[in-house]
Amino acid sequence: YLPMTQIQKLGWSVGMGHPAYMEGHNLGILADENTQALYGWKNICFKLVMQKDILPVIPKAKANGQNLLYDIDDHFDGLQPDNLAYHNTDPKTNPENNRDIYKEIIALTDTVVTSTPFLRDYYSERHPDVRMIRNGVDIQRYTMRKQANRPIIGWVGATPWRTKDLEILDPWLNKYLLRKNLRFWHSGETDKAATFAERAGVTKTLVDSWPMMPITHYPAMFQHFDIGIVPLSRNDFNEAKSCLKGLEYAAAGIPFIATPTGEYRWLAEQGVGRLAETPEEWIHHLDELRNIDVRMEEAERQRKIVEEKFTMDHRGQEWRELALEVDAR
């Protein structure tokens with residue numbers, strides 16, 4: 001959605017919806033079940049499309065002159081069984097919509113757009129035309145957190161889509177919260193799923209939570225805590241992840257600490273975010289960020305860096321250049 005709106009600002013006619021196909025009209029988009037599909041697009045960009053019925057129409061669309069791109073932001077080949085997406089895309093249980101079909105569709109497209117160097121390198125071995133456009137943040141939607149004297153530590157995310165990420169907090173976080181008389185905030189709680197407290201080994205009375213929100217209300221999930229964390233277990237799925245969560249924390253005026261994956265090391269080199277691997281490193285950074293003056297300085301400085309380098313306005317120019325190139329084919 002965000003790249004689409006940026007291209008629209010630059011004068012392109014755009015639309016978003018589920019893929020549809022009609023003989024003589026090529027691929028189109030279906031906004032919802034109650035509307036007719038819209039056709040006439042010269043360029044189509046897929047995102048998370050895995051439907052079996054799309055496969056046979058792709059060669060027809062290409063033969064009729066449509067340019068097909070695939071935007072990739074996750075490493076589905078690196079999914080592990082404790083991540084809900086592993087089961088939701090498993091070919092054994094989802095024969096009509098799965099990650100094997102996803103790979104087939106990607107292979108048939110003209111251009112693949114990835115969000116991280118890991119994904120770029122991975123797909124460059126599997127596709128002849130792979131590009132990288134990093135994620136950006138729609139910063140105007142985020143308001144700066146007014147830092148509290150006694151900070152609340154927080155995490156935005158949903159537990160079913162984690163691969164032992166929160167478990168790396170178990171050895172130390174609960175003891176730290178109790179020792180320092182601090183509370184934790186979790187934005188993204190889901191029904192019938194393990195809570196943050198359960199996954200991270202934290203006393204449940206120390207954790208306040210908010211449910212998952214639709215993307216239209218997503219920035220509100222960052223308004224209730226002062227220090228953000230990005231705990232990531234060490235695996236290829238997480239190494240392929242972008243540093244978008246960190247950018248969102250910074251846009252919301254929240255200093256944060258992250259596991260030093262490749263993308264978070266890169267972001268820290270740009271002056272945004274702190275890195276921690278061991279419990280001692282996590283605790284060291286949290287101790288420093290308990291000082292409100294340190295937090296306020298860091299929040300203001302990092303928000304400015306995001307404004308200067310990492311907004312969707314910056315990424316929109318890269319999408320425009322790619323769209324111009326594709327459109328000229």
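Ground rules. Residues are numbered from 1 along each chain as its sequence is written, and side-chain values use heavy atoms, with hydrogens and water left out. As the model is predicted, local features need pLDDT of at least 70 and side-chain atom pairs count only at pLDDT 80 or more, while totals for chains, interfaces and linings use all residues.

Entry 1, ring pairs. I counted rings of Phe, Tyr and Trp (its six-membered ring) as paired if their centres lie within 6.5 Å; planes under 30 degrees apart are stacked, over 60 edge-to-face, and the rest tilted. The count came to 15 aromatic pairs. I looked up tyrosine 122 and tyrosine 123, which pair edge-to-face at 5.2 Å centre to centre with 80° between the planes. Both tyrosine 122 and tyrosine 123 are buried (under 20% relative accessible area, with exposed over 50% and partly exposed in between; 1.4 Å probe, protein chains only).

Tryptophan 155 and phenylalanine 196 have 5.9 Å between centres and 35° between planes. Tryptophan 155 is in strand 7 (residues 153-156) and phenylalanine 196 in helix 7 (residues 196-200), so this pair ties together parts 41 residues apart in sequence. Helices (H or I, at least four residues) and strands (E, at least two) are DSSP runs, numbered from the N terminus. Tryptophan 155 is buried at 3% relative accessibility, and phenylalanine 196 is buried at 1%.

I found Tyr142, Tyr218, Phe222, Phe225, Tyr249, Phe256 and Tyr264 linked by ring pairs.

I required NZ of Lys or CZ of Arg within 6 Å of the ring centre and within 35 degrees of the ring normal. The charged end of arginine 126 sits over the ring of tyrosine 122, 3.6 Å from its centre. Arginine 134 lies over the face of tryptophan 266, 3.6 Å from the ring centre.
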